[in-house]
Amino acid sequence: MPEGSPDRPRAWQRLWRRAGARTALLVLGILVALAVLGPWFSPWQPQALDWSQLAQPPQLGHGHWLGTDRLGRDLYVRTLYGLRLSLALSLIASGVSLLIGIAWGSIAGFAGGRIDGWMMRVVDVLYALPYLFIVIILTSLVARGSLWVLLVGLGGVGWLTTARIVRAQTLALRGREFIVAARATGLAGGQIITRHIVPNLMGTVLAYAALTIPQMILFESFLSFLGLGVQEPHASLGNLVYGGAQEMESAPWMLLGPAAVLVALLLCLNRLGDGLRDALDPREY
Amino acid sequence: MADRVLRLSDFSVRFATAAGSVPAATEVSLSVAAGECLGVVGESGAGKSQLFLGALGLLAANGRAAGRAQLQGRDLLGLPARELDAVRGRRVGMVFQDPMTSLTPHLRIGTQIAQVRMRHLGEPAAEARRRALELLRRVHVNDPEQRLLQYPHELSGGMRQRAMIAIALAGNPQLLIADEPTTALDVTVQAQILALLQELKRETGLALILISHDLGAVAGLADTVAVMRQGRLIECAPATELFASPRQAYTRALLEEARALAAPVPAQASGEAPVALEARALSVSYPVPAGGWGRRAALAALSEASLTLHAGESLGVVGESGSGKSTLARALLKLVPHTAGRVVWMGRDLDALSRARLRAQRRDLQIIFQDPLGSLDPRMRVAELVGEGLRVHEPSLSAAARRAAAQAMLARVGLEAGLMERYPHELSGGQGQRVGIARAMVLAPKLLVCDEPVSSLDVHSQAQVVELIAALKRETGLALLFVSHNLGIVQRLCERVLVLYLGRMMELAPAGALFAAPRHPYTRELLAAIPLPDPRLQPGRLSAVRAGEAPSPRDPPSGCVYRTRCPFAQAACAAARPAWEAASGQGAVACRRWREI
Amino acid sequence: MLRYLTGRILGLLPTLLVIVTLSFLILRLAPGGPFDQEQGLSPQVRANLDRAYGLDQSLPVQYAHYLRGLLHGDFGPSLRQRDFTVRELIAQGLPVSLTLGLAALLLALAVGIPAGIAAALWQGRAPDHLLSGFAACALALPSFVVGPLLALVFALHLHWLPVAGWQHGMPRYLVLPAITLGLPMAAYLARLMRASLIETLRSAYVRSARARGLGAASVLWHHALPPALLPVVSYLGPAIAFVVTGSLVVESVFGLPGTGRYLVQGAIDRDYPLVLGMVVVYGTLTLVLNCLADLLYGALDPAVHHA
């Protein structure tokens with residue numbers, strides 16, 4: 001985005017004016033701070049086994065604040081490490097899918113004609129391919145739970161929709177007179193894409209990205225359910241919640257802590273995405 | 001006439017926004033009687049539409065109306081929703097500006113008319129359908145039986161607006177409110193719609209409120225004219241009185257500008273200069289989907305246009321939407337690919353240039369667009385927008401020098417340096433168009449193509465921008481190609497005028513000759529459709545307007561494309577295309593009967 | 001219309017072929033084979049197994065062979081569940097999965113659309129906030145949490161419904177799984193419906209319809225609602241992807257004998273014909289549903305035929 005793009009201060013202001021989005025931003029800030037700094041406050045290590053404290057419910061004071069799991073690992077520290085990993089994974093995966101999607105969609109939309117037709121047909125075909133199966137093949141092939149494979153899998157799934165959105169936006173932009181004006185000025189195609197088209201579709205794309213991140217987190221949890229996500233002893237929100245769900249009746253705290261963090265995170269991200277979309281809507285004031 | 005159908009007293013409309021409560025209309029008092037037409041005139045944002053939307057409870061959710069709005073003696077404000085629904089459509093019909101967006105897209109025209117009759121008059125479906133057909137006939141829709149079954153997008157703009165009027169009349173209302181009913185239409189279609197409203201008023205005794213930004217449009221209809229500015233009613237008088245002796249300075253200014261645009265001074269022809277731009281048999285066609293799966297047909301947007309433009313000369317191009325005038329402008333600059341013909345600039349064939357050479361050549365060939373805000377990248381500041389061309393064409397220039405050049409050019413087009421850091425949405429329409437002009441002129445071009453540069457501006461800015469373009473042309477000696485549907489502006493600015501219709505050249509003549517003695521029947525129709533801001537002459541001109549609309553460019557008539565609307569058409573006109581004949585006094589015309597008529 | 005339809009359906013075939021080819025390549029280029037995990041297999045036995053299933057031939061030959069079988073509706077034998085052909089396996093599981101998916105989709109439509117309409121009509125007021133909050137939570141909770149939770153409450157504690165399992169012709173077994181699968185879809189649909197209805201309620205043609213005094217119900221029903229349904233129709237395509245992945249979890253949580261497990265287990269086991277069979281079934285379903293959504297779209301928006 002070019003330096004100091006115009007809608008930015010105003011869009012952020014409009015975003016901040018919305019109570020829902022403001023709360024979401026604040027809670028998100030707290031969650032990120034917790035993920036980064038939170039484990040310092042606890043004496044426990046995420047993978048340390050405490051044989052004297054197996055499957056203990058939460059206790060205050062010097063104990064395990066969110067309880068322990070069946071191996072005696074501290075759930076407070078593990079939840080925050082899981083949050084950290086889930087955040088990082090989903091952010092990078094969203095970033096990857098955005099980059100591919102923006103490049104693919106804007107080139108297809110700007111080139112138009114036959115190139116556009118072929119590029120979008122590729123997207124259509126990939127859409128009809130069960131992406132789950134690709135991810136499973138990838139993850140089960142290389143090494144189960146390899147973070148790289150997870151990233152490629154998650155990012156590779158997300159870019160299709162981004163490419164469609166970006167292409168539709170580019171097509172709409174391409175017909176606008178300021179793009180014709182740029183051509184009349186003598187700019188080359190590449191310059192027009194980078195200087196005029198991409199900055200103008202960043203708003204929509206950002207709002208969409210805020211909605212992709214929660215999908216990535218959910219998808220990772222889904223992979224954890226299949227045993228293909230982040231592997232023990234590493235913690236992700238997905239495998240913690242899945243582990244907790246299996247102990248729902250006997251040890252509800254194992255589910256409650258991680259699930260609460262997961263729900264709070266997803267609620268805030270969704271709310272933020274909606275808020276961003278509304279704030280960028282030119283008809284809103 | 002004592003029976004006022006609608007009377008607004010101390011009527012105000014306010015909107016609650018994030019920045020607080022904003023007034024749209026303040027303490028307005030107006031009334032209209034049966035058989036009478038009230039014209040409400042003002043620039044956009046003057047609050048003239050909100051007034052009547054407010055009276056009928058149709059404001060956006062954040063709007064509030066106050067005061068009194070009496071319909072046949074009964075106050076509409078505070079009426080429960082059910083009773084208000086019994087008024088809307090039944091007592092008051094409304095026609096909105098843009099018939100495309102104001103008609104429900106997924107419902108057939110007949111259904112939309114019949115719904116109103118079934119709801120308000122309790123007619124059974126079959127009867128309502130029969131009446132819908134009558135109504136379409138009443139508003140002179142062609143092929144009404146077929147139109148009943150069609151969807152809004154299948155109709156032309158003029159037919160859509162007629163259908164809107166039929167819907168508004170369906171409940172047999174006592175009052176018809178037409179909110180800018182012709183703004184989105186071509187000048188000849190505008191004249192036809194106004195003529196229809198005039199006929200309805202005369203024959204039905206309907207009270208009519210005509211809202212418009214154009215004094216000329218209301219001159220033919222209004223018995224009383226109300227002028228609004230910034231939400232207030234500043235003047236209200238019988239039409240003849242108001243046009244003859246306006247009391248407010250603002251009204252006088254509006255009137256003068258309307259007259260200046262309608263009856264301008266002829267421009268003087270310049271001496272012979274070398275040919276700068278030449279188009280030879282230029283044709284542009286677009287592929288359009290044709291019926292079945294993936295099949296395409298060619299839509300001829302421009303056919304065999306040939307013209308020469310001398311250095312320092314200004315050529316006007318006029319025509320209605322679909323005439324190919326914008327296509328011609330863009331094809332000359334190679335912004336749309338042409339399918340046949342040649343463009344030669346200063347003796348050099350533009351088609352023979354490589355891409356890079358063409359981009360370099362663009363420096364001499366600049367363009368300004370219709371929509372000032374749409375043609376400026378919303379994410380760039382004014383300084384960047386104006387400097388961008390220099391960045392491309394003079395890469396050696398330092399950022400500071402570029403900025404200085406941009407600033408000097410902005411000063412030249414009458415913008416303060418303080419605007420340099422603004423974004424397009426922070427500019428008014430007039431300011432935006434000046435930025436567009438500065439962006440083009442900063443490159444010191446030799447040709448400036450103006451594609452409808454003032455049609456989206458209000459009357460006041462229009463005159464100023466036209467004046468600026470004229471001054472720049474005088475000072476720099478650039479050649480000008482000025483595309484517009486507004487003949488008045490073209491006459492003021494251009495030495496020669498080219499008239500296009502359905503992608504073909506109809507007539508080319510020196511401006512003075514064209515306006516004084518138009519040769520082509522289409523040119524005559526265009527001239528007759530210009531609304532005159534004079535209530536003594538305009539009603540008579542409206543009554544003389546003939547029906548007929550341009551056929552679809554997908555399916556142009558054989559022979560002379562104008563023959564389906566031409567009052568002089570003969571069998572021979574359908575057989576062969578008329579030749580492009582040179583006429584006396586540098587002109588040329590494509591009509592086989594121009595000598596006789 | 002009929003010609004258009006046949007044209008569309010014929011147009012799907014090349015896409016399907018590309019999908020099958022791609023899947024075939026990905027599967028076969030991946031390292032590992034179907035018999036890797038079987039202990040104590042002598043090289044001799046392995047070679048025999050490979051020959052029996054045609055795995056010793058070159059890839060193009062195997063590909064041609066597979067396609068030829070496909071033309072006759074033959075998906076080949078399962079490499080791991082040796083007594084079954086892929087067709088038999090899918091024929092066992094698919095009815096269960098389809099019933100579950102359809103029930104969930106219908107539930108989502110029946111709940112999501114009215115909820116979205118209500119939220120739009122009461123925009124910014126209590127019902128809107130309530131529904132938005134509920135929808136947000138439904139979208140944030142993974143179904144492997146919701147499913148067991150529902151089972152805990154309605155089966156283990158209240159004994160209203162069975163905990164898990166499947167018996168033919170007993171819809172009681174379907175209730176909890178369908179709710180678990182349909183809930184997030186309903187939430188998504190409600191949000192979609194709300195946003196698009198708010199949009200059309202603001203449009204010029206709705207204002208114009210109100211100006212005709214047609215009454216609030218008629219304006220909503222005839223003028224505002226049909227165009228507002230367009231995004232919902234567009235969602236039908238992606239919905240199938242959601243149903244397929246979602247049913248994987250739900251079938252496993254509730255112990256339903258559907259097809260969900262085939263894809264995952266098949267891919268892990270390198271049961272090539274089974275995975276390819278699933279891809280064909282899934283791809284066809286996706287394409288056909290997208291095609292249907294397009295047709296429905298055209299019916300709701302007459303301008304589409306001409307655009």
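I take a helix axis as a line fitted to C-alpha atoms over the stretch in contact, with angles running from 0 to 180 degrees between N-to-C directions. The model I am reading is predicted.

**Entry 1: a helix pair in chain C**

I looked up α11 (residues 260-269) and α12 (residues 272-300) of chain C. Their axes come within 8 Å and cross at roughly 145°. I noted the hand as well: α11(C) passes α12(C) in a left-handed crossing.

Next I asked which residues of α11(C) meet α12(C). On the α11(C) side I found C:Tyr262, C:Leu263, C:Gly266 and C:Ala267. Their counterparts in α12(C) are C:Leu274, C:Val275 and C:Met278. By class, I count 6 nonpolar residues and 1 polar in this contact, and no charged ones.

**Entry 2: chain B against chain C**

I turned to the interface of chains B and C. Here 29 residues of chain B are in contact with 25 residues of chain C. The two chains bury about 2200 Å² between them. Carbon and sulfur atoms carry 57% of that area.

How many salt bridges lie between chain B and chain C? I found 0. Polar contacts are another matter: 13 residue pairs make them across the interface, both residues at pLDDT 80 or more.

**Entry 3: the chain B side**

I then checked which elements of chain B touch chain C. β6 (92-95), α3 (99-102), α4 (109-121) and α7 (157-169) each supply at least two residues. α4(B) gives the most, with 5 residues. Sorted by class, this side of chain B has 14 nonpolar, 10 polar and 5 charged residues.

Key
Residues are numbered from 1 along each chain as its sequence is written. Chains are lettered from A and ligands numbered from 1 in the order in which they are written. This is a predicted model: local features need pLDDT of at least 70, side-chain atom pairs count only at pLDDT 80 or more; totals for chains, interfaces and linings use all residues. Side-chain values use heavy atoms; hydrogens and water are left out. Helices (H or I, at least four residues) and strands (E, at least two) are DSSP runs, numbered from the N terminus. A crossing is left-handed if the near helix is turned anticlockwise from the far one by less than a right angle, and right-handed if clockwise. Contact means heavy atoms within 4.5 Å. Ala, Val, Leu, Ile, Met, Phe, Trp, Tyr, Cys and Pro count as nonpolar, Asp, Glu, Lys and Arg as charged, and the others, Gly among them, as polar. Buried area is the accessible area (1.4 Å probe) that two parts lose on being put together, summed over both. A salt bridge is a side-chain nitrogen of Lys or Arg within 4 Å of a carboxyl oxygen of Asp or Glu. A polar contact is a pair of N or O atoms within 3.5 Å; within protein, one must be able to donate a hydrogen and the other to accept it, and residues adjacent in sequence count only if both atoms are side-chain atoms.
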